[in-house]
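Subject: Structure handover and findings

Hi,

Here is the structure for your set. Please load it first, then read the notes below.

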Amino acid sequence: MREIDVNLITEKVKDLCIEANSVLGDDVLQAFDQAMKQEESPMGLEILKELKENARIAKEEKVPICQDTGFAVIFVELGQEVHLVGGDLSESIHEGVRRGYQDGYLRKSICHPFTRANTGDNTPAIIHTEVVPGEKVKITVAPKGGGSENMSRVVMLTPSDGIAGIKRFVVQRVKESGSNPCPPTIVGIGIGGTFEQAALLAKKSLLRPLDHKNPDPELAKLESEILTDINKLGIGPQGLGGRITSLAVHIMMMPCHIASFPLAVNIQCHAQRHKEAVI
Ligand code: SF4
C-alpha cells in the first residue's frame, strides 16, 4: 500500500486550476491551424487567428484564456493500492480549487441557484472519482464555461431512433445553440448507459486530445459524419458565419437498457481547457 498525503493533492489541484485556465493544449492550437486552412469566410479566418493570438497572450502573460474560468470539474483516478492520509480526499480537492482560483486571480463563478449569492471561492468543485488498479492517483482538472454548458442536453431517444436519430438530435442541438457556446466548439457525445451516465460519458469524451482518433472505427466514422454535417450549418467561428462551427466531435458509448437509448450532448467552447497530473 502506498501512502499519499492529501495535501499533495491540494497542491496539484491548485496548480492545475491555474495552468488549465491559462495554457491551451497544443492539440487545440493545431486544430485552430487546421481550421484556418479550411475556413473560407474572411471574418471566420480573422477570428481563428485572434483565438490563437489570445491563447499566446494568455500563456505568456499567465492570464486566463477567457473571463469565464468555469466550474472546476475534476476527474480522479484513484489507484486501489493507495492509502490516502492527512485528511479527506474531497475536501483536499475543494481546497486546491479554492487556492487555485484565489492565487491565480481566476473569476469565481459558482453561486446559490436561488439567491445567486456567489460562494466566493469557486467551490464546490464537481468531483468524479473512479477506483482503478495500481498505486497512483491521476487528477484531471477541466474547467467548464457556462455558455457552452448551457447549450448541452440529455435526451432519452427510443431504440428505433437509431444512428439517424443521434445525428438529427446532435446537429439540431448545435444549430439551435448558434453563437452561444462560443464556436468553434468541440461536441462531446455520450451514448448509452443511463440518464446520468450518458451525460458523464459526453463530458469525459471531451478529455480526449483533439489529435487522437476514436479507437472504435464505427464511432470514428460517426464522429466524422456528424462533424461534416455540423460544419455545413454555416454558423462559423463565434457564430459570425463560416465553415468551421466545430473543431471535432467526440463520442463515448456503452451498453444501455433494452428499453432505452440515452443520448447526451456536452458542448465545449473553443477554450478547451484541461490539464492532468499523476501522483
Ligand atoms: S463558453 Fe467558453 S469561451 Fe465562451 S465565455 Fe464561456 S468559457 Fe469563455
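Which residues does Leu84 touch, not counting residues up to four places away in sequence? They are Ile4, Val6, Ile9, Leu78 and Leu89. Contact here means heavy atoms within 4.5 Å. Leu84 sits in strand S3, residues 82-85.

First, the ground rules. This is a predicted model, where local features need pLDDT of at least 70, side-chain atom pairs count only at pLDDT 80 or more, and totals for chains, interfaces and linings use all residues. Residues are numbered from 1 along each chain as its sequence is written, and side-chain values use heavy atoms, with hydrogens and water left out. Helices (H or I, at least four residues) and strands (E, at least two) are DSSP runs, numbered from the N terminus.

Ligand shell

The ligand is surrounded by Cys66, Gln67, Asp68, Gly145, Gly147, Ser148, Cys182, Cys269, His270 and Arg273. A residue is near a molecule if one of its heavy atoms lies within 4 Å of it. By class, this shell has 3 nonpolar, 5 polar and 2 charged residues. Ala, Val, Leu, Ile, Met, Phe, Trp, Tyr, Cys and Pro count as nonpolar; Asp, Glu, Lys and Arg count as charged; the others, Gly among them, count as polar.

Cavity

Rolling a probe the size of a water molecule over the atoms shows where empty space is left. A cavity is a set of points, on a 1 Å grid over the protein atoms alone, where a 1.4 Å probe fits but cannot get out; lining residues have an atom within 4 Å of a point. Searching the whole structure gives 1 cavity of 30 Å³ or more. The largest cavity has a volume of about 80 Å³. That volume is the space filled by probe spheres set on the points, with grid points joined across faces, edges and corners. The lining has 13 residues, and the closest to the centre are Ala142, Lys144, Leu206, Leu207 and Gln268. Strands S2 (71-79), S5 (137-144) and S9 (261-268) each give two or more residues to the lining. S5 gives the most, with 3 residues. The lining divides into 6 nonpolar, 4 polar and 3 charged residues.

Sheet S4-S2-S5-S10

Strands pair if DSSP finds at least two bridges between them. This open sheet has 4 strands in the order S4-S2-S5-S10, with mixed pairing. S4 and S10 (275-278) are the edge strands, each pairing on one side only. The twist averages 15 degrees from one strand to the next. S2 and S4 run parallel and are joined by 7 bridges. Glu77 has Glu130 in S4 as its bridge partner.

Two helices lie across this sheet's strands. H4 lies across S2, S4 and S5, at about 140 degrees to S2. H7 also lies across S2, S4 and S5, at about 95 degrees to S2. Axes are lines fitted to C-alpha atoms, for helices over the stretch in contact, and angles run from 0 to 180 degrees between N-to-C directions.

Sheet S6-S9-S7-S8

Another open sheet has 4 strands in the order S6-S9-S7-S8, again with mixed pairing. Its edge strands are S6 (153-157) and S8 (246-256), each pairing on one side only. The average twist is 15 degrees from one strand to the next. S6 and S9 are antiparallel, over 5 bridges. Val154 stands opposite Ala264 in S9.

Helix H6 (residues 162-177) lies across S6, S7 (185-193) and S9, at about 30 degrees to S9. Helix H7 (residues 195-205) lies across S6, S7, S8 and S9, at about 145 degrees to S7.

Backbone points to check

- A cis peptide bond joins Thr123 and Pro124, with omega about 0 degrees. Pro124 is in the loop between H4 (89-103) and S4 (126-132).
- The bond from Pro183 to Pro184 is also cis, with omega near 10 degrees. Pro184 is in the loop between H6 and S7.
- Arg116 is not a glycine, yet has a positive phi of about 65 degrees. Arg116 is in the loop between H4 and S4.

Best regards

Technical notes. 1 Å grid on protein atoms, 1.4 Å probe; cavity = no way out; pocket = protein on both sides within 12 Å on 5 of 7 lines; lining within 4 Å.
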